[in-house]
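Please find my notes on this model below.

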Amino acid sequence: MRFKAKPSFDIGRKFNNVTASWNLVKLTKYFLVIGLIIALVFSCLWYSRVYMNSERRFWSAVENSMSTRSVVRTLSEGGSGNQVVQDYRFHFSPQQVIENRVDFKQKSATTDTEVVTEGIIFPQEQFLRYTKFRNDTNGEEGANLDSVLGEWANQGSGAGEAEEARLNYLSEYVTLAVFGNFNAQQRAELINNLRQNNVYDVDFNNVLEDELDGEDVKIYQVTVNLRPFAELLNEAFVMAGYGDFPPLNPENYREGSTLKSVFKVAGNNSIVGINFGNRNEVYSNYGVIKIIERPEADMTINELQNEVQSIIQ
(Lines give C-alpha, C1' and ligand atoms only; values in the text may rest on other atoms or scores of the structure.)
Protein backbone atom coordinates (compact mmCIF):
# COMPACT_ATOMS: atom_id res chain seq x y z
CA MET A 1 0.00 0.00 0.00
CA ARG A 2 1.34 3.40 -0.90
CA PHE A 3 0.87 6.53 1.21
CA LYS A 4 0.45 9.78 -0.56
CA ALA A 5 2.24 12.72 0.97
CA LYS A 6 -0.10 15.63 1.68
CA PRO A 7 0.92 18.71 -0.16
CA SER A 8 2.62 21.26 2.05
CA PHE A 9 0.21 23.92 0.86
CA ASP A 10 -2.61 22.06 2.75
CA ILE A 11 -0.86 22.77 6.05
CA GLY A 12 -0.41 26.40 5.11
CA ARG A 13 -4.07 26.63 4.11
CA LYS A 14 -5.17 25.27 7.51
CA PHE A 15 -2.90 27.71 9.36
CA ASN A 16 -4.30 30.59 7.34
CA ASN A 17 -7.83 29.44 8.13
CA VAL A 18 -7.07 29.42 11.87
CA THR A 19 -5.32 32.77 11.98
CA ALA A 20 -8.00 34.35 9.89
CA SER A 21 -10.42 33.83 12.78
CA TRP A 22 -8.13 35.67 15.23
CA ASN A 23 -8.79 39.26 16.19
CA LEU A 24 -5.33 40.64 15.59
CA VAL A 25 -6.20 44.04 17.00
CA LYS A 26 -7.26 42.53 20.33
CA LEU A 27 -4.25 40.22 20.43
CA THR A 28 -1.93 43.13 19.80
CA LYS A 29 -3.51 45.04 22.69
CA TYR A 30 -3.23 42.03 25.00
CA PHE A 31 0.45 41.54 24.19
CA LEU A 32 1.12 45.25 24.70
CA VAL A 33 -0.60 45.23 28.10
CA ILE A 34 1.26 42.08 29.22
CA GLY A 35 4.54 43.53 28.01
CA LEU A 36 3.87 46.79 29.85
CA ILE A 37 3.05 44.96 33.08
CA ILE A 38 6.23 42.90 32.86
CA ALA A 39 8.27 46.03 32.17
CA LEU A 40 6.72 47.85 35.14
CA VAL A 41 7.35 44.90 37.48
CA PHE A 42 10.99 44.65 36.47
CA SER A 43 11.36 48.45 36.69
CA CYS A 44 9.94 48.49 40.21
CA LEU A 45 12.20 45.63 41.28
CA TRP A 46 15.23 47.35 39.80
CA TYR A 47 14.30 50.68 41.38
CA SER A 48 13.64 49.27 44.87
CA ARG A 49 16.43 46.68 45.04
CA VAL A 50 19.19 48.07 42.84
CA TYR A 51 18.81 51.81 42.30
CA MET A 52 17.07 52.80 45.56
CA ASN A 53 19.60 51.20 47.88
CA SER A 54 20.10 52.14 51.54
CA GLU A 55 22.36 55.09 50.74
CA ARG A 56 20.00 56.59 48.17
CA ARG A 57 17.05 56.09 50.55
CA PHE A 58 18.84 58.01 53.26
CA TRP A 59 19.67 61.01 51.06
CA SER A 60 16.21 60.95 49.52
CA ALA A 61 14.69 61.14 53.03
CA VAL A 62 17.01 64.01 53.99
CA GLU A 63 15.95 65.91 50.86
CA ASN A 64 12.25 65.11 51.38
CA SER A 65 12.39 66.71 54.83
CA MET A 66 13.33 69.93 53.04
CA SER A 67 10.32 69.86 50.70
CA THR A 68 7.25 69.60 52.91
CA ARG A 69 4.60 72.16 53.82
CA SER A 70 4.34 70.89 57.40
CA VAL A 71 5.39 68.08 59.72
CA VAL A 72 4.58 66.93 63.26
CA ARG A 73 7.32 66.24 65.79
CA THR A 74 6.46 64.30 68.95
CA LEU A 75 8.68 64.19 72.03
CA SER A 76 7.92 61.82 74.90
CA GLU A 77 9.56 61.57 78.29
CA GLY A 78 8.80 59.26 81.21
CA GLY A 79 6.38 56.36 81.52
CA SER A 80 2.65 55.93 81.96
CA GLY A 81 2.62 57.25 85.55
CA ASN A 82 4.84 60.31 85.06
CA GLN A 83 4.94 61.41 81.47
CA VAL A 84 5.30 64.49 79.30
CA VAL A 85 4.19 64.30 75.65
CA GLN A 86 4.89 67.29 73.40
CA ASP A 87 3.43 67.55 69.90
CA TYR A 88 4.61 70.27 67.55
CA ARG A 89 3.21 70.88 64.09
CA PHE A 90 5.67 73.00 62.11
CA HIS A 91 4.00 74.89 59.25
CA PHE A 92 6.39 76.09 56.55
CA SER A 93 3.85 77.28 53.96
CA PRO A 94 1.55 78.96 53.14
CA GLN A 95 2.39 80.56 56.52
CA GLN A 96 5.20 80.20 59.05
CA VAL A 97 3.79 79.13 62.39
CA ILE A 98 4.09 76.38 64.99
CA GLU A 99 1.22 74.68 66.81
CA ASN A 100 2.10 72.81 69.97
CA ARG A 101 0.35 70.74 72.61
CA VAL A 102 1.93 69.61 75.88
CA ASP A 103 0.32 66.93 78.03
CA PHE A 104 1.88 66.56 81.50
CA LYS A 105 0.82 63.67 83.75
CA GLN A 106 2.08 62.88 87.24
CA LYS A 107 0.68 60.15 89.42
CA SER A 108 1.76 58.93 92.85
CA ALA A 109 0.19 57.15 95.79
CA THR A 110 -1.46 60.39 96.96
CA THR A 111 -1.71 62.72 93.96
CA ASP A 112 -2.99 62.51 90.41
CA THR A 113 -2.18 65.52 88.23
CA GLU A 114 -2.71 66.27 84.55
CA VAL A 115 -2.05 69.57 82.83
CA VAL A 116 -2.60 70.21 79.11
CA THR A 117 -1.50 73.39 77.37
CA GLU A 118 -1.73 74.52 73.77
CA GLY A 119 0.41 77.07 72.00
CA ILE A 120 0.53 78.95 68.72
CA ILE A 121 3.93 80.39 67.91
CA PHE A 122 4.57 82.95 65.18
CA PRO A 123 8.07 84.29 64.42
CA GLN A 124 7.27 87.59 66.22
CA GLU A 125 4.64 86.53 68.74
CA GLN A 126 3.50 83.49 70.71
CA PHE A 127 0.23 82.47 72.36
CA LEU A 128 -0.50 80.05 75.20
CA ARG A 129 -3.57 78.68 76.94
CA TYR A 130 -4.46 75.96 79.43
CA THR A 131 -7.05 73.50 78.11
CA LYS A 132 -7.10 70.95 80.93
CA PHE A 133 -6.13 70.94 84.60
CA ARG A 134 -6.69 68.19 87.15
CA ASN A 135 -4.98 67.98 90.52
CA ASP A 136 -6.51 65.36 92.84
CA THR A 137 -5.03 64.59 96.24
CA ASN A 138 -6.04 61.46 98.18
CA GLY A 139 -8.97 61.01 95.84
CA GLU A 140 -10.32 64.52 96.45
CA GLU A 141 -10.53 67.11 93.72
CA GLY A 142 -8.07 69.94 94.18
CA ALA A 143 -7.95 73.45 92.79
CA ASN A 144 -9.36 74.13 89.34
CA LEU A 145 -8.47 76.63 86.63
CA ASP A 146 -11.98 77.22 85.34
CA SER A 147 -11.51 80.99 85.52
CA VAL A 148 -8.63 80.93 83.00
CA LEU A 149 -9.14 77.60 81.22
CA GLY A 150 -9.21 78.15 77.45
CA GLU A 151 -8.16 81.82 77.72
CA TRP A 152 -5.35 82.84 75.37
CA ALA A 153 -2.35 84.82 76.57
CA ASN A 154 0.38 86.26 74.37
CA GLN A 155 3.95 87.47 74.43
CA GLY A 156 6.26 89.12 71.94
CA SER A 157 4.07 91.78 70.37
CA GLY A 158 5.42 94.63 72.49
CA ALA A 159 8.40 96.86 71.77
CA GLY A 160 11.70 95.05 72.16
CA GLU A 161 10.06 91.63 72.41
CA ALA A 162 10.00 90.74 68.71
CA GLU A 163 13.63 89.59 68.60
CA GLU A 164 13.21 87.43 71.70
CA ALA A 165 10.09 85.89 70.12
CA ARG A 166 11.99 85.21 66.89
CA LEU A 167 14.79 83.43 68.75
CA ASN A 168 12.30 81.37 70.75
CA TYR A 169 10.59 80.45 67.51
CA LEU A 170 13.81 79.31 65.81
CA SER A 171 14.96 77.38 68.87
CA GLU A 172 12.09 74.94 68.29
CA TYR A 173 13.52 74.12 64.84
CA VAL A 174 16.93 73.06 66.10
CA THR A 175 17.42 69.34 65.53
CA LEU A 176 19.82 67.20 63.48
CA ALA A 177 17.95 67.43 60.15
CA VAL A 178 16.79 70.39 58.09
CA PHE A 179 13.01 70.65 57.78
CA GLY A 180 11.23 73.15 55.57
CA ASN A 181 9.70 73.86 52.19
CA PHE A 182 12.67 74.93 50.11
CA ASN A 183 12.69 75.20 46.32
CA ALA A 184 14.66 72.77 44.15
CA GLN A 185 17.72 75.03 43.85
CA GLN A 186 17.88 75.61 47.61
CA ARG A 187 17.53 71.89 48.33
CA ALA A 188 20.30 71.06 45.89
CA GLU A 189 22.56 73.62 47.55
CA LEU A 190 21.84 72.30 51.06
CA ILE A 191 22.32 68.65 50.04
CA ASN A 192 25.55 69.51 48.25
CA ASN A 193 26.74 71.30 51.39
CA LEU A 194 25.90 68.28 53.54
CA ARG A 195 27.84 65.94 51.24
CA GLN A 196 30.88 68.07 50.48
CA ASN A 197 31.48 69.06 54.10
CA ASN A 198 30.89 65.51 55.41
CA VAL A 199 28.27 66.81 57.82
CA TYR A 200 26.77 63.32 58.12
CA ASP A 201 29.09 60.36 58.57
CA VAL A 202 26.69 57.48 57.89
CA ASP A 203 27.47 53.79 58.36
CA PHE A 204 25.80 52.45 55.23
CA ASN A 205 27.35 49.00 55.74
CA ASN A 206 25.36 48.35 58.91
CA VAL A 207 21.85 49.59 58.17
CA LEU A 208 19.33 47.79 60.39
CA GLU A 209 15.61 47.21 59.97
CA ASP A 210 13.02 47.79 62.65
CA GLU A 211 9.34 48.68 63.10
CA LEU A 212 7.85 52.00 64.23
CA ASP A 213 4.10 52.29 64.80
CA GLY A 214 3.52 49.19 62.67
CA GLU A 215 5.65 50.45 59.78
CA ASP A 216 8.95 48.98 58.59
CA VAL A 217 11.82 51.45 58.92
CA LYS A 218 15.53 51.47 58.20
CA ILE A 219 17.86 52.43 61.05
CA TYR A 220 20.93 54.50 60.18
CA GLN A 221 23.80 55.18 62.57
CA VAL A 222 24.78 58.78 61.83
CA THR A 223 27.65 60.75 63.33
CA VAL A 224 26.93 64.46 62.93
CA ASN A 225 29.85 66.89 62.60
CA LEU A 226 28.50 69.72 64.71
CA ARG A 227 30.44 72.72 63.49
CA PRO A 228 29.58 72.40 59.77
CA PHE A 229 26.03 71.37 60.69
CA ALA A 230 25.51 74.51 62.80
CA GLU A 231 26.74 76.56 59.84
CA LEU A 232 24.40 74.76 57.46
CA LEU A 233 21.36 75.09 59.76
CA ASN A 234 21.94 78.82 60.04
CA GLU A 235 22.19 78.98 56.25
CA ALA A 236 18.84 77.15 56.02
CA PHE A 237 17.20 79.60 58.45
CA VAL A 238 18.35 82.53 56.31
CA MET A 239 17.14 80.80 53.12
CA ALA A 240 13.71 80.28 54.71
CA GLY A 241 13.48 83.98 55.57
CA TYR A 242 13.84 83.66 59.35
CA GLY A 243 17.24 85.32 59.62
CA ASP A 244 20.22 83.83 61.39
CA PHE A 245 20.21 82.17 64.83
CA PRO A 246 23.13 83.53 66.92
CA PRO A 247 22.89 80.85 69.67
CA LEU A 248 23.88 78.33 66.97
CA ASN A 249 27.15 80.10 66.16
CA PRO A 250 29.55 77.58 64.52
CA GLU A 251 32.42 79.19 66.44
CA ASN A 252 30.91 77.73 69.62
CA TYR A 253 31.84 74.22 68.43
CA ARG A 254 35.37 72.87 68.39
CA GLU A 255 36.71 71.63 65.09
CA GLY A 256 36.01 67.89 64.89
CA SER A 257 33.30 67.82 67.58
CA THR A 258 30.65 65.23 66.75
CA LEU A 259 27.37 63.81 68.04
CA LYS A 260 26.24 60.22 67.51
CA SER A 261 22.63 59.82 66.46
CA VAL A 262 20.12 57.45 64.89
CA PHE A 263 17.97 58.35 61.88
CA LYS A 264 14.87 56.27 61.13
CA VAL A 265 13.63 56.26 57.54
CA ALA A 266 10.26 54.87 56.42
CA GLY A 267 9.53 53.03 53.17
CA ASN A 268 8.28 56.22 51.52
CA ASN A 269 11.72 57.77 52.11
CA SER A 270 10.73 60.14 54.89
CA ILE A 271 12.48 60.72 58.20
CA VAL A 272 10.21 59.31 60.93
CA GLY A 273 12.61 59.39 63.86
CA ILE A 274 15.81 61.02 65.11
CA ASN A 275 17.43 59.90 68.36
CA PHE A 276 20.44 61.46 70.06
CA GLY A 277 21.47 61.50 73.71
CA ASN A 278 18.29 61.02 75.73
CA ARG A 279 16.13 62.75 73.13
CA ASN A 280 13.76 60.69 70.98
CA GLU A 281 11.99 62.59 68.18
CA VAL A 282 9.19 61.06 66.13
CA TYR A 283 8.08 62.70 62.87
CA SER A 284 4.73 62.15 61.15
CA ASN A 285 1.87 63.75 59.18
CA TYR A 286 3.99 65.34 56.48
CA GLY A 287 2.46 67.89 54.13
CA VAL A 288 -0.79 68.87 55.88
CA ILE A 289 -1.99 72.35 54.84
CA LYS A 290 -3.78 74.43 57.46
CA ILE A 291 -4.31 78.15 57.99
CA ILE A 292 -3.80 79.25 61.61
CA GLU A 293 -5.71 82.29 62.82
CA ARG A 294 -4.13 84.67 65.30
CA PRO A 295 -5.99 84.26 68.64
CA GLU A 296 -7.37 87.17 70.63
CA ALA A 297 -5.53 87.57 73.94
CA ASP A 298 -6.36 89.87 76.87
CA MET A 299 -3.33 89.08 79.04
CA THR A 300 0.35 88.30 78.76
CA ILE A 301 1.82 84.85 79.27
CA ASN A 302 3.50 86.07 82.46
CA GLU A 303 0.15 87.30 83.78
CA LEU A 304 -1.46 83.96 82.94
CA GLN A 305 1.29 81.99 84.68
CA ASN A 306 1.06 84.19 87.78
CA GLU A 307 -2.71 83.69 87.86
CA VAL A 308 -2.30 79.92 87.61
CA GLN A 309 0.27 79.89 90.41
CA SER A 310 -1.96 81.93 92.71
CA ILE A 311 -4.89 79.55 92.12
CA ILE A 312 -2.85 76.42 92.73
CA GLN A 313 -1.25 77.78 95.90
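Is Lys132 buried, exposed or partly exposed? Lys132 counts as partly exposed, because its relative accessibility is 38%; buried means under 20% relative accessible area, exposed over 50%, and partly exposed in between (1.4 Å probe, protein chains only).

1. Basis. This is a predicted model, in which local features need pLDDT of at least 70, side-chain atom pairs count only at pLDDT 80 or more, and totals for chains, interfaces and linings use all residues. Residues are numbered from 1 along each chain as its sequence is written, and side-chain values use heavy atoms, with hydrogens and water left out.

2. Strand β4. Helices (H or I, at least four residues) and strands (E, at least two) are DSSP runs, numbered from the N terminus. β4 (111–122) is largely enclosed by the rest of the structure, because nine of its twelve residues are buried. Two strands pair if DSSP finds at least two bridges between them. β3 and β4 run antiparallel and are joined by ten bridges, with a hairpin of three residues connecting them; Asn100 has Gly119 of β4 as its bridge partner. β4 also pairs with β5 in the antiparallel sense, over twelve bridges, and here the hairpin has two residues. Ile120 is bridged to Phe127 in β5.

3. A salt bridge is a side-chain nitrogen of Lys or Arg within 4 Å of a carboxyl oxygen of Asp or Glu; the structure holds 14. Glu114 and Lys132 form one, at 3.1 Å from N to O. Glu114 lies in β4 and Lys132 in β5, so the pair ties together parts 18 residues apart in sequence. Glu114 counts as buried at 7% relative accessibility. Arg134 also bridges to Glu114, with the closest N and O atoms 3.1 Å apart. Arg134 is partly exposed, with a relative accessible area of 25%. Asp112, Glu114, Lys132 and Arg134 are linked in a network of salt bridges.

4. Arg73. Glu172 forms a salt bridge with Arg73, the closest N and O atoms being 3.9 Å apart. Glu172 lies in the loop between α4 and α5 (184–196) and Arg73 in β1 (70–78), so the pair ties together parts 99 residues apart in sequence. Arg73 is buried, at 2% relative accessibility.

5. Leu248. This residue is in the loop between α6 (226–239) and β11 (258–266) and is buried, at 8% relative accessibility. Leaving out residues up to four places away in sequence, Leu248 touches Val174, Ala230, Leu233, Asn234 and Tyr253; contact means heavy atoms within 4.5 Å.
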